[in-house]
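The following exercises are to be worked with the sequence and the model in view. Each task is followed by a solution in steps.

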Amino acid sequence: AELGCFVCQHIGYGATPAQVHHVGNDGIALRGSHYLVAPLCPRHHDNHSKDGIHGQRQEWKQHGLTELDALAWTIERLQ
């Protein structure tokens with residue numbers, strides 16, 4: 001989460017405060033591996049946001065971003 005939001009940085013907002021998103025979360029109270037995570041701000045994470053990964057993903061789609069892009073970006077920065 002200390003890396004800041006992947007989407008915000010990609011679109012030029014800078015390193016906004018982030019929370020951890022478990023990649024591959026199936027939404028049934030089961031989370032993906034703690035090693036497969038990406039930092040996302042509440043706007044780009046929540047299902048209550050039109051731009052959230054768990055919502056309509058509008059900003060994700062507008063910029064051609066995927067959950068796997070977020071994971072690859074995170075791994076690259078942690079190496």
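**Exercise 1.** Determine whether Cys5 is buried or exposed, and whether Cys5 is bonded or not bonded to another cysteine.

*Solution.* Step 1. Cys5 has a relative accessible area of 0%, so Cys5 is buried; the term buried stands for under 20% relative accessible area, exposed for over 50%, and partly exposed for the range in between, with a 1.4 Å probe and protein chains only. This is a predicted model, in which local features need pLDDT of at least 70 and side-chain atom pairs count only at pLDDT 80 or more, whereas totals for chains, interfaces and linings use all residues. Residues are numbered from 1 along each chain as its sequence is written, and side-chain values use heavy atoms, with hydrogens and water left out.

Step 1. A disulfide is a covalent bond between the sulfur atoms of two cysteines. The criterion applied here is a pair of cysteine sulfur atoms within 2.5 Å. A search of the whole structure for such pairs returns zero disulfides. Cys5 therefore takes part in none, and the nearest cysteine sulfur belongs to Cys41, 3.7 Å away.

Step 2. Seen from Cys41, the closest cysteine sulfur is that of Cys5, and 3.7 Å is too far for a bond. Cys41 also counts as buried, because its relative accessibility is 6%.

**Exercise 2.** State how many aromatic pairs the whole structure holds, and describe the pair formed by Phe6 and Trp60.

*Solution.* Step 1. Rings of Phe, Tyr and Trp (its six-membered ring) pair if their centres lie within 6.5 Å; planes under 30 degrees apart are stacked, over 60 edge-to-face, and the rest tilted. The search of the whole structure finds two aromatic pairs.

Step 1. In the pair of Phe6 and Trp60, the ring centres are 6.0 Å apart and the planes stand at 45°, so the pair is tilted. Phe6 in helix α1 (residues 6-10) and Trp60 in helix α3 are 54 residues apart, and the pair thus links distant parts of the chain. Both Phe6 and Trp60 are buried.

Step 2. Ring pairs join Phe6, Trp60 and Trp73 into a cluster. Trp73 is located in helix α4 and is buried, with a relative accessible area of 13%. Between Trp73 and Phe6 there are 67 residues of separation in sequence, yet a C-alpha to C-alpha distance of 7.5 Å. Neighbours within four places aside, Trp73 is in contact with Leu3, Gly4, Phe6, Gln9 and Pro39.

**Exercise 3.** Describe the surroundings of Glu59, including the polar contact between its side chain and that of His44.

*Solution.* Step 1. Glu59 belongs to helix α3 (residues 58-62). Its relative accessibility is 8%, so Glu59 counts as buried.

Step 1. The side chains of Glu59 and His44 are joined by a polar contact of 2.5 Å. Such a contact is a pair of N or O atoms within 3.5 Å; within protein, one must be able to donate a hydrogen and the other to accept it, and residues adjacent in sequence count only if both atoms are side-chain atoms.

Step 2. Residues up to four places away are not counted in the list of those that Glu59 touches: Ile11, Tyr13, Arg43, His44 and Asp51.

**Exercise 4.** Give the number of helices and strands, and their order along the sequence.

*Solution.* Step 1. The chain contains four helices and two strands.

Step 1. Their order along the sequence is α-β-β-α-α-α.

Step 2. Of the 79 residues in the chain, 34% are buried.

Definitions and conventions: Contact = heavy atoms within 4.5 Å.
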